[in-house]
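Keep the sequence and the 3D view open while you read.

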Amino acid sequence: MTGQQKMKVGLLGGTFDPPHLGHLALAQGVLEACELDEVWFMPSHRPPHKNGSDITENHHRVEMVQRAIEGNPKFKVTLIEFERNGRSFTIDTIEILKANYPDIDFHFIIGGDMIEDLPNWHRIDELSKMISFIGVNRPGYHPDKEQYEVSLIDVPQIDLSSSEIRRDLSFGKSGRYLLPESVRILIEEKGLYESK
């Protein structure tokens, strides 16, 4: 490795079902506050804590994320979680990313509410040596960030929930001003989240 500084990339994982303005505001806030070069949106294949049958099909979620981030050259989407079948753990993903991109310094972005759950993460002691965590403060949470190295930051946040948006859409609400317009139009065109 030469004296060249490594590229700093933040990883924002999630189901993104659907991706909303809260995700984008958070990503932009972290990008600027932590002086990252890029933020990679990492849609999860089948998160260990969710039942796969409840999640919108992968190709729809990927297209929604692609539409959500278009126009921002510092936002990318990585499909690494889709390259493996079965349940996916963060450490598996990080091992592959570090092997594939040795010149990138990765930072995993988590909400303040997730910091207290870090001790329960799969192989967390190994993971914490491989990657740094950026914790985004959430109102009402006072996480103990001492156990694992977490940079705790404050960024402007829009309090939105994908599950509440899905529910509203299933009741015929528009989702306008909660979702990027291109995502909202795609959902409408494909009939996603319509009540069965």
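A polar contact is a pair of N or O atoms within 3.5 Å. The model shown here is predicted.

Q: With which side chain does the side chain of asparagine 137 make a polar contact?
A: Asparagine 137 sits in the loop between strand 5 (132–136) and strand 6 (150–153). Its side chain comes to 2.9 Å from its partner. That is within 3.5 Å, the limit for a polar contact. The partner is the side chain of aspartate 154.

Q: Is asparagine 137 buried or exposed?
A: Asparagine 137 touches Leu152, Ile153, Asp154 and Gln157, leaving out residues up to four places away in sequence. Buried means under 20% relative accessible area. Asparagine 137 has 18%, so the residue is buried.

Q: How many helices and strands are in the protein chain?
A: From the N terminus on, the elements run β-α-β-α-β-α-β-α-α-β-β-α-α. The count is 7 helices and 6 strands.

Q: What share of the residues of the protein chain counts as buried?
A: The protein chain exposes about 10700 Å², and carbon and sulfur atoms supply 47% of that area. The protein chain has 196 residues. The buried share of these residues is 44%.

Q: Among contacts between residues at least 6 apart in sequence, what percentage joins residues at least 24 apart?
A: Contact means heavy atoms within 4.5 Å. Take the contacts between residues at least 6 apart in sequence, then keep those at least 24 apart. The share is 73%.

Q: How many residues of strand 4 are buried?
A: Strand 4 covers residues 104–111 and has 8 residues. The strand is largely enclosed by the rest of the structure, because most of these residues are buried: 7 of the 8.

Q: Which residue in strand 4 is the bridge partner of leucine 11?
A: Strand 1 (residues 7–14) and strand 4 run parallel, joined by 5 bridges. Leucine 11 has its bridge partner in strand 4. That partner is phenylalanine 108.

Q: Why is the pair of tyrosine 101 and phenylalanine 106 edge-to-face?
A: The whole structure holds 8 aromatic pairs. In the pair of tyrosine 101 and phenylalanine 106, the ring centres are 6.4 Å apart. Planes over 60 degrees apart count as edge-to-face. The pair is edge-to-face because its planes stand at 75°.

Q: What is the angle between the planes of phenylalanine 108 and tryptophan 121?
A: Phenylalanine 108 and tryptophan 121 form an edge-to-face aromatic pair, 5.9 Å centre to centre. The pair links distant parts of the chain: phenylalanine 108 lies in strand 4, and tryptophan 121 lies in the loop between helix 4 (112–115) and helix 5 (124–130). Both residues are buried. The angle between the planes is 90°.

Q: Which element supplies the largest share of the largest nonpolar core?
A: This core has 29 residues, and Leu12, Val30, Val39, Phe41 and Ile187 touch the most other members. Elements that each supply at least two residues include strand 2 (38–43), helix 2 (58–69) and helix 6 (162–170). The largest share is 5 residues, and the supplier is helix 1.

Q: Is serine 162 buried or exposed?
A: Serine 162 lies in helix 6. Leaving aside neighbours within four places in sequence, serine 162 is in contact with Asp17, Pro18, His20 and His23. Its relative accessibility is 14%, so serine 162 counts as buried.

Notes. Residues are numbered from 1 along each chain as its sequence is written. This is a predicted model: local features need pLDDT of at least 70, side-chain atom pairs count only at pLDDT 80 or more; totals for chains, interfaces and linings use all residues. Side-chain values use heavy atoms; hydrogens and water are left out. Helices (H or I, at least four residues) and strands (E, at least two) are DSSP runs, numbered from the N terminus. Buried means under 20% relative accessible area, exposed over 50%, partly exposed in between (1.4 Å probe, protein chains only). A polar contact is a pair of N or O atoms within 3.5 Å; within protein, one must be able to donate a hydrogen and the other to accept it, and residues adjacent in sequence count only if both atoms are side-chain atoms. Accessible areas come from the Shrake-Rupley method with a 1.4 Å probe; for residues, only the protein chains shown count as cover. Two strands pair if DSSP finds at least two bridges between them. Rings of Phe, Tyr and Trp (its six-membered ring) pair if their centres lie within 6.5 Å; planes under 30 degrees apart count as stacked, over 60 as edge-to-face and the rest as tilted. A nonpolar core is a set of buried Ala, Val, Leu, Ile, Met, Phe, Trp, Tyr and Cys residues joined through side-chain atoms within 4.5 Å.
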